[in-house]
Amino acid sequence: MAIRSVSPIVPAHKSEMQPGSRLRCARERLGLTYRDVERASYELACSRGRPEFIVHLSRLADIENRDVTPSLYKLYALAVIFHLDPREVCQWYDVPFEDHFSDRTQVAAPNTHLAAAPASMRLPIRFDPAFDPGRTEFLTRMVERWGDIEGTLFNQPSRHLYGYIGTNDRRMDPLLRPGSLVLIDPKMQKVQNSGWNNENERPIYFIEVREGFRCCWCRCEGGTLSLIPHPLSSCAPEVLKYPADAEVVGQVVGVAMRLGPQ
């Protein structure tokens, strides 16, 4: 009698598992039953004052066994109950929250506005031994290893804010082109009326006005705030009552700007 060899059953790799199966594995790893999850979700809903956090038995069964996509509230509740990072669970459902900052740069907006900070920053960890910081270099070739520094590693969020220069905003063009991302220090709100030698040294401020935001040079005197555009931009200056009609969000201390076509 011929003996036929049978290949062993190998479980699918974690990356190949469906989101519902991953959630089921996380629940079983903690030794939680459906009743435990439902009870915990009730407690979360009570503490947060939102019944949307409740995960009923039938809904949990659909999520785990039929790969029904949970609502935002239920996804958060399951992440809390299963001791998971909500952002990682979102990635299981192909929602890459970690990439929101880089993806956002592909979506142009006509108006200047404040923007959310990146969840992580990609920084060079090790440079080529021949790297000379005093010399202009092609950085891509000089970095041996890059690494991601996540914002969650810090006990407190960065004190800096991020701003976006709208595609219709040419007040500081060509110094700041439309579509640029600017780094704002909210602790530097006092407008300097003098003290610079050229336009590159002159402070640029991010201003909130009644109808939106401005990013430009400023002059403050006599209860008024003058918003001064770059002379090559062909935009007209604005004079607003200060602080009644304008608020200085902070000074621009950094910029990421595309030089090619938008």
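Guide: A helix here is a DSSP run of H or I with at least four residues, numbered from the N terminus. The model is predicted. Asp67 sits in the loop between helix H3 (57–65) and helix H4 (72–81).

Visitor: What is the phi of Asp67?

Guide: Phi of Asp67 is positive, about 55°, although the residue is not a glycine. Most residues other than glycine have a negative phi.

Visitor: How do you know whether Asp67 is buried, partly exposed or exposed?

Guide: Buried means under 20% relative accessible area and exposed means over 50%. Asp67 has 32%, which lies in between, so Asp67 is partly exposed.

Visitor: What makes Ser234 exposed?

Guide: The relative accessible area of Ser234 is 72%, and the cut-off is over 50%, so Ser234 is called exposed. Ser234 is in the loop between E8 and E9, and its phi is positive, near 65°.

Visitor: Why is a set of residues called a nonpolar core?

Guide: The name applies because its members are buried residues of listed types, such as Ile, Phe, Cys and Leu, joined through side-chain atoms within 4.5 Å. The largest has 24 residues, including Ile204, Phe206 and Cys218. Strand E7 (212–221) is one of its contributors, and E7 gives the most, with 5 residues.

Methods
Residues numbered from 1 in each chain as written. Predicted model: local features only at pLDDT ≥ 70, side-chain atom pairs only at ≥ 80, totals over all residues. Heavy atoms only, no water. Buried < 20%, exposed > 50% of the residue type's maximum accessible area, 1.4 Å probe, protein only. Helix = DSSP H or I, 4+ residues; strand = E, 2+ residues; numbered from the N terminus.
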